[in-house]
Protein chains: 2
Amino acid sequence: MAGKRHQVPSRVRVRRGPKKGRYDRASIDDVLDRGLLAHVAFADGGDAVCIPMLYARVGDRIYIHGSTKSRAVRVLADGALACVTVTIVNGLVLARSAFEHSANYDSAMAFGTFTLVEDADERMRAFEAFTEKLLPGRWDEVRRPDATELKATEILAMEIDEASAKVRAGPPDDDDSPDAERDTWAGVVPIVRSYGSPEASPGLRPGIGVSESVRRLLTRDPPG
Amino acid sequence: MAGKRHQVPSRVRVRRGPKKGRYDRASIDDVLDRGLLAHVAFADGGDAVCIPMLYARVGDRIYIHGSTKSRAVRVLADGALACVTVTIVNGLVLARSAFEHSANYDSAMAFGTFTLVEDADERMRAFEAFTEKLLPGRWDEVRRPDATELKATEILAMEIDEASAKVRAGPPDDDDSPDAERDTWAGVVPIVRSYGSPEASPGLRPGIGVSESVRRLLTRDPPG
């Protein structure tokens, strides 16, 4: 990728650790699709605000949603410049020196502005994508949004046209340094995510077994 | 906490789901201390930027660090208004309706500006805090930063004086709705983090066993 860096727009170019940067859509989409939560930053008046939000990618768009009463939704729908960042931490990087300690992670960052999605079909597809991202197969098991819920919810979309991914993987960087002569253990301790046992809602009617979607989920790797 | 909400500064007040808001330092510090990674948002020129960063809390301050050559460090050190958000996802919230699907999470958000830490002792304490946050006990096992490393690194601090936490926990919200009559399983699927087996660095000298800090870590819950 290094040879293509001059074509990368300035604000998504990975400057610190440029070899960690990825600018192809497959790499970016991979992180977006594995992550569960995004941090969405925007300016609100003079302030910078950073809010954790559920999201979903469909094609070239990142969708988020929120109450029609949400200030963040209003500010974003008004065209505030936004940055969507998704980060999955994969491990502790333990070097022989304090300085070289780090974390392994996959991240993706997309810049742009959100627009309100008005089209009824696209809005419903976004609802489906949010539900399916949390739990594949869930959309077909649950009640679809009704008119009241649709009216209370704004769906916003950002085009993925200025984005990058950044990946730090592998061992610490001091294997080839004089520090490698030290007696200190160095390496990576992976951070692993898994699903715990499903906890039925207290109000669940007796005799209802765990959904098929949940059973399938428990055999898969969880999202980031 | 509801009765104290009118005293909370506007930009940290939790408006959507106000019962989820926490404004006491113990709740805020709890999230900051359990999280591993922060998302730091700030305005850079006209853009909003959101960067994942390792961090540490010491007393009333959140510390981050970066290369002296980092643009983010320069912009933050110049006094850009910043927002530090730490989010720990704890589970999938599966309701009977698509609309009520959600995630359980703990988050903390702090607003303010960063200042460069110039004091040599405080800088070294911050390095210690970064190292100890990744892996308690690690600081005493590794080589401390030397003059070259200290010169290449900026430490920045933000006072925690305008912050809030937001917590979503427990079952889906539709136990008391007509949807509870449906045949759909509802509940929470916990997301659990754990540590995998330590992976020695390829350049590790033969005969060096896993550090005591790593052995202790593997008996603990991992950070968020």
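Okay, let's start with the symmetry: chain B superposes on chain A by a rotation of 180 degrees with 0.0 Å of shift along its axis, at an RMSD of 0.0 Å.

Quick housekeeping. This is a predicted model, where local features need pLDDT of at least 70 and side-chain atom pairs count only at pLDDT 80 or more, while totals for chains, interfaces and linings use all residues. Residues are numbered from 1 along each chain as its sequence is written, and chains are lettered from A and ligands numbered from 1 in the order in which they are written.

So, the interface. How many residues does each chain put into the contact? It takes 85 residues from chain A and 85 residues from chain B, with contact meaning C-beta atoms, placed from the backbone, within 7 Å. On the chain B side, the elements that each supply at least two residues include strand 2 (37-44), strand 3 (47-54), strand 6 (81-94), strand 7 (102-113) and helix 3 (120-134). When I say helix or strand, I mean DSSP runs numbered from the N terminus: H or I with at least four residues for helices, E with at least two for strands. Strand 11 of chain B gives the most to the side touching chain A, with nine residues.

For pairing, DSSP has to find at least two bridges between two strands. One residue pair to click on: Tyr195(A) has Ile191(B) as its bridge partner.

Now the core. The largest nonpolar core has 119 residues, and the ones touching the most other members are Ala41(A), Ala82(A), Ala41(B), Tyr63(B) and Ala82(B). A core, by the way, is a set of buried Ala, Val, Leu, Ile, Met, Phe, Trp, Tyr and Cys residues joined through C-beta atoms within 7 Å. Buried means 20 or more other C-beta atoms within 10 Å of a residue's own, exposed means 12 or fewer, and partly exposed is in between, with C-beta atoms placed from the backbone. Take Ala82(B): leaving aside neighbours within four places in sequence, its contacts include Ala48(A) from chain A, plus Val40(B), Phe42(B), Leu76(B) and Met158(B).

On to chain A by itself. It has five helices and twelve strands, and 43% of its 224 residues count as buried. Its C-alpha atoms fill a box of roughly 65 × 45 × 30 Å along the principal axes. Among chain A contacts between residues at least 6 apart in sequence, 74% join residues at least 24 apart.

There's an open sheet of four strands in chain A, order 4-5-9-8, with antiparallel pairing. Its edges are strand 4 (56-58) and strand 8 (115-116), each pairing on one side only. Helix 3 of chain A packs on that sheet, touching strands 4, 5 and 9, and its direction makes about 125 degrees with that of strand 4. That angle is between N-to-C directions, on a scale from 0 to 180 degrees, with axes as lines fitted to C-alpha atoms, for helices over the stretch in contact.

Strands 4 and 5 of chain A make a hairpin with two residues between them, and Gly59(A) in the turn has a positive phi of about 60 degrees. Val58(A) stands opposite Arg61(A) there. On to strand 9 (residues 153-159): strand 5 (residues 61-67) pairs with it over seven antiparallel bridges, with His65(A) partnered by Ile155(A). Five of the seven residues of strand 5 of chain A are buried, so it is largely enclosed by the rest of the structure.

Note on methods. Two residues are in contact if their C-beta atoms, placed from the backbone, lie within 7 Å. Copies are superposed by least squares on the C-alpha atoms of residues with pLDDT of at least 70 in both.
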